[in-house]
Amino acid sequence: MNFTKKDKIEIFENSISWIVVLAMFIYGGAKLIQFDGAAEIDKTVSEMTGMELMWAFYGYSKSFAITLGIFELIGGILILIKRTRIIGCLFTSTILVNVIFQDIYFGVHLGALKAAILYQLLILIILWLNKEKLIKSIKTLWTSEKTGQTKSKYFVKILIAFGIFVGLRILEYFITIKW
């Protein structure tokens, strides 16, 4: 069997994708049960280590931990499917960057930090391997269509938008502060 360079890259991309997918399935699934009883620490906040504080935080709200776990599972599924892999990598990167920062700032076990960094690096490699698609997508998102409108019409539209903005901010104030 003769593999082309494209075939070899596809094989490599799939293999590193599966590493990230498996990790997201493991970590995401674990969050569904991982923090049971974690909020029941017999220490004051000032006595806790960063790791204990973070675990107590996650243990305090089971629904928060479950939501994060579901997001990790969704990210893994998106990466697993070739068609949604780029979106999955971008989605999962937001989760992993948050995990990396938490691991650093709360002094989580060094192995967990190294694992999160490894998965993020693998995602960056996957994105690099798909850079043409990614660049094309970004260019498409940043491209604006010329409407051919006059400057006065544009100015009036901006003024109307500003008036709506002010009205919505006033409404926001009454909803969040006054009621």
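Colleague: At what angle do α5 and helix α6 pack in this predicted model, and how far apart are their axes?

Modeller: Two packed helices are described by the angle between their axes and the distance between the axes. Here, α5 and α6 (residues 131-142) pack at an angle of about 80°, and their axes are 5 Å apart. Angles of 65 to 115 degrees count as roughly perpendicular, and α5 and α6 are therefore roughly perpendicular to each other.

Colleague: Which residues make the contact?

Modeller: On the α5 side, the contact is made by Leu-127, Trp-128 and Leu-129. Lys-131, Glu-132 and Leu-134 contribute from α6. By class, this contact has four nonpolar, no polar and two charged residues.

Colleague: What else is in contact with Leu-127, leaving aside its neighbours within four places in sequence?

Modeller: Besides Leu-134, Leu-127 is in contact with Ile-86, Cys-89 and Leu-90, once neighbours within four places in sequence are left aside.

Colleague: Which residues of α1 are buried, and against which helices do they pack?

Modeller: An α-helix has 3.6 residues a turn, so residues three or four places apart point the same way. In α1, the buried residues are Glu-13, Asn-14, Ile-16, Ser-17, Val-20, Val-21, Ala-23, Met-24 and Gly-28. The buried residues of α1 pack against α3 (62-80), α4 (85-105) and α5 (110-129).

Colleague: What span should helix α1 have, given its number of residues?

Modeller: At 1.5 Å a residue, the 26 residues of α1 (residues 5-30) should span 38 Å. The end C-alpha atoms of α1 are 38 Å apart, which agrees with that expectation.

Colleague: Is Gly-88 buried or exposed, and where is its place?

Modeller: Gly-88 lies in helix α4. Its relative accessible area is 0%; under 20% counts as buried, so Gly-88 is buried.

Colleague: Which residues does Gly-88 touch, and what separates its C-alpha atom from that of Val-21?

Modeller: Not counting residues up to four places away in sequence, Gly-88 touches Gly-75, Leu-78 and Ile-79. The C-alpha atoms of Gly-88 and Val-21 are separated by 9.8 Å, although these residues are 67 residues apart along the chain.

How values were computed
Residues are numbered from 1 along each chain as its sequence is written. This is a predicted model: local features need pLDDT of at least 70, side-chain atom pairs count only at pLDDT 80 or more; totals for chains, interfaces and linings use all residues. Side-chain values use heavy atoms; hydrogens and water are left out. Helices (H or I, at least four residues) and strands (E, at least two) are DSSP runs, numbered from the N terminus. The expected span of a helix is 1.5 Å times one less than its number of residues. Buried means under 20% relative accessible area, exposed over 50%, partly exposed in between (1.4 Å probe, protein chains only). Contact means heavy atoms within 4.5 Å. Axes are lines fitted to C-alpha atoms, for helices over the stretch in contact, and angles run from 0 to 180 degrees between N-to-C directions. Angles under 35 degrees count as roughly parallel, over 145 as roughly antiparallel, 65 to 115 as roughly perpendicular and the rest as oblique. Ala, Val, Leu, Ile, Met, Phe, Trp, Tyr, Cys and Pro count as nonpolar, Asp, Glu, Lys and Arg as charged, and the others, Gly among them, as polar.
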